Every structure is written in C-alpha cells, then in structure tokens.
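Student: Could we go through this structure together, a bit at a time? I'd like to start with a helix.

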Amino acid sequence: MATMTHDRAVGGRLRAGLGFALLSASCFGLSGPLGRGLMDAGWSSAAAVAVRVLLAGVALAPIAVVRLRGRWHVLRRNAPLITTYGLVAVAGCQVAFFNAVARMEVGVALLVEYTAPVAVVGWLWLRHGQRPTRLTVLGGLLGLVGLVLVLDLVSGAAISVAGILWALGAMVGAAAYFVLSARDGDGLPGTALAAGGLLLGGVALLVAGAVGIVPFEVSTSPVAFDGFAVPWWLPVLVLGVVTAAVAYVAGIAAIRRLGSRLASFVALTEVLSALVFAWLLLGEAPGGVQLVGGALILGGVITVKLGEPRPGGRAGTA
C-alpha cells in the first residue's frame with residue numbers, strides 16, 4: 001500500500017521542492033488568463049478544462065510508460081490511488097468549482113477553495129498526529145488574509161449557501177490533491193500518477209458535460225488577449241502542456257519533497273502568478289491592495305516553513 005512522504009524537507013531536497021512548487025504554481029496561475037481568453041471566445045469553462053486535462057494526460061502517457069519500465073504491477077497496485085486522484089483531485093475539484101462560480105462571485109469561490117492548506121493541516125493532525133505549531137497557524141492566518149486582499153473581497157460579495165457548499169467541495173478536492181500526491185511508498189512515478197489521474201479526470205469531465213452537470217461548449221474563433229489575437233488551438237495547446245502536464249508533474253514532485261503541508265501553502269503563490277499573467281495577457285494590472293495581499297501570502301509561506309518540524313522532531317516553535 002502506498003505511504004505518505006515524511007512531511008518535512010531539508011537541504012537540497014528543500015531547494016528542489018521549492019523550485020518545483022513555484023514552477024507548478026506559476027504554470028497553474030497561467031491557466032486562468034488563458035482560460036478566460038477561451039471563454040471570451042465562446043468556450044465553456046468545463047470544455048476548456050476537459051480538453052486541458054485530456055491533452056495533458058495524452059502528453060504524459062508515453063513518459064509514464066517509460067518511467068514504469070514495464071512494472072505494470074505498480075500501476076495495478078495503485079489503481080485505487082489513481083482513480084481517487086482522477087475523480088476527486090481533478091474532476092471532482094473542477095466540477096465543484098464550476099458549480100460554485102455559477103452561484104457566487106469567483107473571488108469568494110476561490111477564497112473558499114484556497115483554504116485547502118488549512119484542511120491539509122487538519123488532516124495531518126487528525127490522521128497522522130502532526131499537530132500544527134504556532135508558527136504554522138500564524139502562517140495560515142497571514143495567507144488567508146493575503147488571499148482576501150489579493151482576490152479583492154474587502155468590498156463585500158453576495159453569498160450563496162449552495163455556492164459555498166460547492167466551493168467547499170472544491171476545497172476538499174484541492175486538499176486531496178496535496179494529500180494524495182504525497183503518497184509514493186511503493187515507487188509509483190509522479191508522471192504515472194499524473195497521467196492516469198488526468199486521463200480519468202478528463203473522461204469524467206466529458207461525462208459531466210454530456211449529462212448536463214456542467215455546460216460544455218467549444219469554439220474555433222480566434223482568441224483575443226490584450227492587444228493581440230491567436231488561433232484557438234494555441235492557448236489550448238499551452239493549457240494542456242504547460243498549465244496541466246508540467247503543472248501537475250511539478251506539483252507532485254514538489255509535494256513529495258516538501259510534504260503536503262508546506263507544499264499546499266507554497267501553492268498559494270498561484271494567485272500571485274495569476275495576477276501577473278492577467279496583467280500581461282489581459283491588461284488587468286493589480287492594485288495596491290492586491291500587492292499587499294501578495295506580500296502577506298509570501299510572509300505566510302515563510303512563516304509556515306519556519307514552523308515545519310526539524311530533523312529530530314522539533315519545530316521552529318512549540
């Protein structure tokens with residue numbers, strides 16, 4: 001049975017993990033502005049994500065086959081993990097988020113989904129006895145306040161009970177992504193987990209679109225960005241290869257080096273990447289409040305790292 005990686009990192013493992021985590025967050029952050037361009041051109045969000053994850057799964061499949069080196073028993077033994085990853089962390093998270101934003105403001109839905117690090121901390125405490133330190137709690141609070149400012153929610157927003165419930169479902173899916181990605185005890189390559197989960201999740205999204213759970217529309221119209229336009233297939237290709245294939249593989253690599261707790265907080269930098277790419281591609285320049293929020297998110301990540309257990313079992317503070 002797969003086991004969870006030790007939820008700490010030091011030295012070169014820490015540096016590599018942080019590098020992979022920032023790469024993953026940057027790639028995920030690019031998906032929003034690209035997806036916005038596709039949706040403005042006539043794509044539904046579900047169709048854009050389904051094509052994105054299916055293309056990523058197809059791109060990663062040959063690499064996963066090479067990495068497995070014929071060890072198909074590893075794939076069979078991890079079939080429940082891959083299935084849960086695809087249905088919960090990929091498809092379930094996306095479907096829940098789509099339904100949330102259909103009922104409430106996108107910023108509020110994102111805020112609820114991005115409380116996933118808090119759920120990860122709670123899971124590690126309840127399931128594995130890894131009690132959070134005071135620094136971890138402080139870092140979490142800084143990160144959440146930063147998110148409120150980055151998503152510009154200080155002016156107030158309409159709240160929908162159904163929307164909140166769907167957003168909480170998206171949060172569970174995001175937390176599952178961090179927890180499940182950390183499981184590598186019996187040698188399942190990260191590319192195999194990503195490829196299998198993305199292909200399965202993509203198929204599930206196609207089924208959800210076919211039965212009407214989420215709207216499913218595509219378009220071949222050119223996609224317009226700030227001052228330029230490109231053919232529809234270019235952002236689709238970048239969405240699949242960069243914002244999904246690279247993002248998920250880098251994310252799994254980061255989580256297996258940093259542990260699910262620290263990696264989940266570093267992933268909050270995705271919203272900062274999204275701001276930068278929205279500025280470059282859509283002309284949406286971040287405001288001063290959002291920059292302050294970004295600083296708080298980074299401060300929260302650093303604080304959580306300081307609160308991580310050190311080799312020998314002690315954290316930066318009790």
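Student: How far apart are the end C-alpha atoms of helix α9, and what span should its 21 residues have?

Tutor: In this predicted model, helix α9 (residues 190–210) should span 30 Å at 1.5 Å a residue, and its end C-alpha atoms are 30 Å apart, so the two agree. The expected span is 1.5 Å times one less than the number of residues, and a helix is a DSSP run of H or I with at least four residues, while a strand is a run of E with at least two, numbered from the N terminus.

Student: And what comes just after α9?

Tutor: G212, which takes a positive phi of about 90 degrees.

Student: Ok, new topic: which residues touch the most other members of the largest nonpolar core?

Tutor: Those are Y85, Y177, L198, L205 and Y248, in a core of 74 residues. Such a core joins buried Ala, Val, Leu, Ile, Met, Phe, Trp, Tyr and Cys residues through side-chain atoms within 4.5 Å, where buried means under 20% relative accessible area with a 1.4 Å probe, counting protein chains only.

Student: Which helix gives the largest share of this core?

Tutor: Helix α4 (residues 79–101), with twelve residues.

Student: What does Y85 contact, beyond its neighbours within four places in sequence?

Tutor: Its contacts (heavy atoms within 4.5 Å) include Y177, L180, L193, Y248 and I252.

Student: How much of the whole chain is buried?

Tutor: Of its 318 residues, 51% count as buried, and the secondary structure comes to 13 helices and two strands.

Student: Anything to know about how the values were made?

Tutor: Residues are numbered from 1 along each chain, and side-chain values use heavy atoms, leaving out hydrogens and water. Local features need pLDDT of at least 70, side-chain atom pairs count only at pLDDT 80 or more, and totals for chains, interfaces and linings use all residues.

Definitions and conventions. Buried < 20%, exposed > 50% of the residue type's maximum accessible area, 1.4 Å probe, protein only.
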